[in-house]
Structure formats: structure tokens, C-alpha cells
Amino acid sequence: MWMRNRPDRKLHCFSGRLRGPGSMAKIKKQLEKIQNGVRKFQRLLIDVKPTPELIERLQVIMSEVEVAISALKEEQCTSFEGLLKEERICRQEIAAYGKKIENWNLAVNSEFKPPAAPTVKIKTLDRDLPAEVRAVESYLQKTGGTCGGWDQFDHQTFLRVWTKYSGQPAYRKEAKLYLPCKTLEEIQRHEEWHLELTYLQDRKREAIQRWKTSKELEHQTKIQRQEEAEQAERSKKEARNQAQQLKAEEEKRVAAQQLEEWKEAKRRKEEQEAEQQLAEEKRKSKREKEERRRQLIVKLSVEEQLRLKREEEEEWKRGRREEEEREMDERRKRAAKGIKRLSERDLHRVLAKLEGKQLKEKEEEERQERISAKIKEKVDGHISRDPSRLTRPTKGWEERMKNVGPSGGGPVLQMFHRAVPSWRQGL
């Protein structure tokens with residue numbers, strides 16, 4: 001229920017009323033008219049010459065499109081003004097809702113006391129609004145806003161029960177169950193307030209519809225007057241256009257005659273130029289034949305000279321090849337002799353190296369035999385064996401026993417001391 005009374009929803013509904021099916025169809029018709037005018041204007045601008053007649057037609061089309069756009073703008077401005085007025089009313093209701101929400105925490109009085117008008121600053125309505133619209137706003141301000149001084153939840157509960165019973169008196173008992181803090185007298189007074197508000201709102205809607213109808217009539221009258229003025233202007237322009245058309249046809253006839261004369265002169269000139277061109281082509285063909293014959297003679301003489309030159313070069317190359325072959329044979333013979341001499345020399349060197357290597361190997365074998373003989377002589381020496389050496393004290397033990405003291409307490413164990421650096425000895 002609260003969503004039905006939202007200000008933005010009311011504004012949307014009001015906008016929908018202002019732009020009903022009839023208004024939307026009218027706007028669409030105007031837009032189509034403007035679009036057709038623009039397309040006609042564009043078609044006239046394609047591949048045409050700028051003649052006075054064309055310029056006049058373009059001006060007529062532009063003026064028609066401009067008038068249609070102005071009419072559409074005026075109608076839209078009128079609709080937007082109505083929406084702005086409704087928006088101001090919704091803004092005032094929103095302020096009243098805000099004040100009501102701030103007072104929710106206050107204690108609810110048992111007796112019905114319609115609160116005074118909200119203390120928020122509300123702009124006065126425009127003087128041109130209908131009296132029914134001002135009456136609804138004044139009534140809401142005097143009786144405590146859109147809930148009639150009740151809490152929003154209580155008011156929504158009342159509306160739900162009242163709608164369920166279609167306003168029949170039997171709704172009061174069920175409403176008393178849902179609203180235990182309200183008396184039957186308060187519920188009845190709230191019902192009277194709601195009926196009065198509904199009546200005022202119906203009158204407001206009727207007044208808005210009447211205002212809308214009057215505006216549409218005024219607008220249609222204005223458009224009709226404009227169309228009549230445009231029709232008279234078009235009649236004048238058609239008369240001027242007809243006179244201009246006759247003048248243009250005469251000018252066109254004269255221009256066509258001049259064009260025919262120009263074409264005939266051009267044709268004669270082209271025939272003369274064709275004859276001159278044909279004679280020039282014949283002379284050019286003759287010159288080309290002479291030039292080709294001369295070039296053929298020159299070509300044959302050049303080819304003969306080239307043939308003789310090639311024969312001389314081939315004879316010279318043949319003698320050169322024979323001389324090179326003789327030189328190559330001599331070089332091969334000298335190379336074979338040198339290779340044989342170098343091979344013999346290398347063979348002598350290899351044999352000498354091989355003999356030296358065998359000599360060194362033989363000397364190394366003799367040296368190894370001498371070393372082996374000496375080692376064998378040392379190892380094979382005779383050593384006598386004395387088993388009693390195992391029980392005799394060693395020389396080191398005998399030296400230690402010599403230093404035993406008179407007490408006979410046994411051998412003195414060796415005492416180890418830290419070494420004294422050389423630089424501190426004798427200090």
C-alpha cells in the first residue's frame with residue numbers, strides 16, 4: 001500500500017496521463033512529418049544544379065520542418081511544465097513524510113488530535129494551478145499529511161482492511177483488532193478523512209484532465225491557424241513558382257537552341273581534326289617504314305663485323321690453349337722429377353731415424369739389465385738370524401735406565417714443557 005502512494009510513482013502516473021495513447025500517436029505523427037521533410041530535403045540535394053526554383057523549394061521544405069519542430073517543442077514544454085508542478089507537490093509530500101518519520105519515536109496520544117501542518121518550509125503553489133489541485137494540498141497540510149495524522153503503518157493497516165470490505169461498516173470491528181490503540185471514534189473519523197481525501201483527489205484528476213484537454217484544444221487551434229497561414233503562403237509561392245517556371249522553360253528553349261548550334265560547330269571541327277590526324281598517321285607510317293629499313297641495313301653490317309670478330313677471337317683462343325697445354329706438359333714433367341727426388345730424400349731420412357731409434361732402444365735395454373743385476377746383488381746378501389734379540393732391551397731403553405735416581409723409585413717419566421721462543425732464551 002505504501003508503494004502505491006510513493007511520490008515518484010505518482011509522478012510516473014501523472015506523466016503517463018499526460019502522455020496517453022492519443023498524445024503518443026500525435027507525437028509519432030509529428031516526428032514522421034519532420035523525418036519525411038528532412039528526407040525530401042536530402043533527395044533534392046543529390047546531383048542537382050543550384051537553380052532559383054530548387055532554392056525556393058528547399059526554403060519551403062525548411063520552413064515546414066522548422067514549424068513542425070517548433071510545434072513539437074512547444075507541446076513538450078507544456079507537458080514538462082505540468083510534470084514540474086507535480087514534482088513540486090511530490091517534494092512537499094516527501095518533506096511531510098520525513099517529518100513524520102522523525103516523530104515516530106514520540107508517544108502516541110489516545111485521543112485523535114490532527115497535528116498542525118508540517119513545520120518544513122514549503123513553497124507556495126503557482127497561482128495558475130487549478131483550485132482542485134490547491135484544495136488537495138491544503139487539505140493534506142491541515143489534516144497531518146498523506147496519513148491523516150496517523151502512523152504510516154496504522155494508516156496502511158486501515159487501508160488494507162477498508163479495501164477488503166469495500167468501505168462497508170463491518171470493517172470497523174476487524175480494524176479495531178488490528179489497531180488496538182485506536183478507538184472506534186478515531187477509526188470513524190479517519191474513515192471520514194479518507195473519504196474526503198479520495199473525493200478531493202478525484203476532483204483533482206478531473207481538473208487535470210480538463211486542463212490537459214483545454215491545452216490540447218488551444219494547441220490544436222494554434223496549429224490550425226498556422227496551417228491556414230502556411231496554406232495561404234504556399235498559394236502565393238505556387239503562383240510565383242508557376243511564373244518562374246514559365247520563364248525557366250523559355251530560358252531552357254533558348255539554351256537548347258544554342259546547345260544544338262554548338263554541337264554542330266563541334267561536329268564540323270571534329271571532322272576536320274579527324275582528317276588532319278589521318279594524314280599525319282600516313283606520314284608517320286611512311287617515316288617508320290624508312291626508319292625500319294635503315295635499321296635493318298645497319299643491323300646486318302653490325303652482325304657481319306661481330307661474326308668476323310668472333311672468328312678472330314676463336315682462332316686466338318685456340319692458339320692460346322695449345323700453348324698452355326705445352327707449358328702444362330713441361331710443368332708436369334718437371335714436377336714428376338722433383339717428386340721422385342723428394343721421395344728418395346724422405347726415404348733416406350726415415351731409414352736414418354729408424355736406425356737411431358733402434359740403437360736407443362738397444363742402449364736402454366742394456367742399461368735396464370745393468371740396474372737389475374746391481375739390485376739383485378744387494379738383495380741376495382747373507383744375513384744371520386739371532387732369536388734372542390726379541391728379549392733383549394733396546395738401545396733406547398738402556399739409555400733411559402741410566403738416568404734413574406738413588407731413591408730407586410723406578411724410571412723417571414719424561415716431562416714435557418712448552419717450548420721457549422728463541423728471542424726469549426737467556427732473559
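This note sets out numbered points on the predicted model shown above.

1. Basis of the model. The structure is a predicted model, in which local features need pLDDT of at least 70 and side-chain atom pairs count only at pLDDT 80 or more, while totals for chains, interfaces and linings use all residues. Residues are numbered from 1 along each chain as its sequence is written, and side-chain values use heavy atoms, with hydrogens and water left out.

2. Overall fold. The protein chain contains eight helices and zero strands. Read from the N terminus, its elements follow the order α-α-α-α-α-α-α-α. Helices (H or I, at least four residues) and strands (E, at least two) are here DSSP runs, numbered from the N terminus.

3. Burial. Of the 427 residues in the protein chain, 18% are buried. The term buried means under 20% relative accessible area, exposed means over 50%, and partly exposed lies in between (1.4 Å probe, protein chains only). Accessible areas come from the Shrake-Rupley method with a 1.4 Å probe, and for residues only the protein chains shown count as cover.

4. Cysteines. How many disulfides does the count come to? The count is zero disulfides, a disulfide being a pair of cysteine sulfur atoms within 2.5 Å. Cys 90 is buried, at 5% relative accessibility. Cys 147 is buried as well, with a relative accessible area of 7%.

5. Salt bridges in the whole structure. A salt bridge is a side-chain nitrogen of Lys or Arg within 4 Å of a carboxyl oxygen of Asp or Glu. One of them joins the side chains of Glu 280 and Arg 287, with an N to O distance of 3.8 Å. Glu 280 is partly exposed, its relative accessible area being 37%.

6. The pair Asp 329 and Arg 332. These two residues form a salt bridge whose closest N and O atoms are 2.1 Å apart. Both lie in helix α7, three residues apart, which is about one turn of the helix. Asp 329 counts as partly exposed at 35% relative accessibility, and Arg 332 counts as partly exposed at 49%.

7. The side chains of Glu 364 and Arg 367 meet in a salt bridge at 2.6 Å, N to O. Because they are three residues apart in helix α7, about one helical turn separates them. Glu 364 is partly exposed at 36% relative accessibility, and Arg 367 is partly exposed at 35%. Elsewhere, salt bridges that share partners link Glu 264, Arg 267, Arg 268 and Glu 271 into one network.

8. The negative patch. Which residues gather in a patch of negative charge on the surface? They are Glu 361, Glu 363, Glu 365, Glu 366 and Glu 369. Patches are made of residues with over 30% relative accessible area and no salt bridge; like charges are joined within 9 Å, and nonpolar side chains (Val, Leu, Ile, Met, Phe, Trp, Tyr) within 5 Å. Lys and Arg count as positive and Asp and Glu as negative, whereas His and the chain ends are not counted. The place of a charge is taken as NZ of Lys, CZ of Arg, CG of Asp or CD of Glu. Glu 365 belongs to helix α7 (residues 184-379), and Glu 365 is exposed, with a relative accessible area of 52%.

9. The positive patch. Arg 39, Lys 40, Arg 43 and Arg 57 form a patch of positive charge on the surface. Helix α2 (residues 21-44) supplies the largest share of this patch, namely three residues. Lys 40 is located in helix α2 and is partly exposed, at a relative accessible area of 39%.

10. The nonpolar patch. On the surface, Val 298, Val 302 and Leu 306 make up a nonpolar patch, with about 220 Å² of accessible area together. Leu 306 is part of helix α7, and its relative accessible area of 42% marks Leu 306 as partly exposed.

11. Gln 245, in helix α7, is partly exposed at 37% relative accessibility. Ala 135 is placed in helix α4 (residues 131-143) and is partly exposed, with a relative accessible area of 29%. Ala 135 and Arg 203 are 68 residues apart along the chain, and their C-alpha atoms are separated by 9.4 Å.
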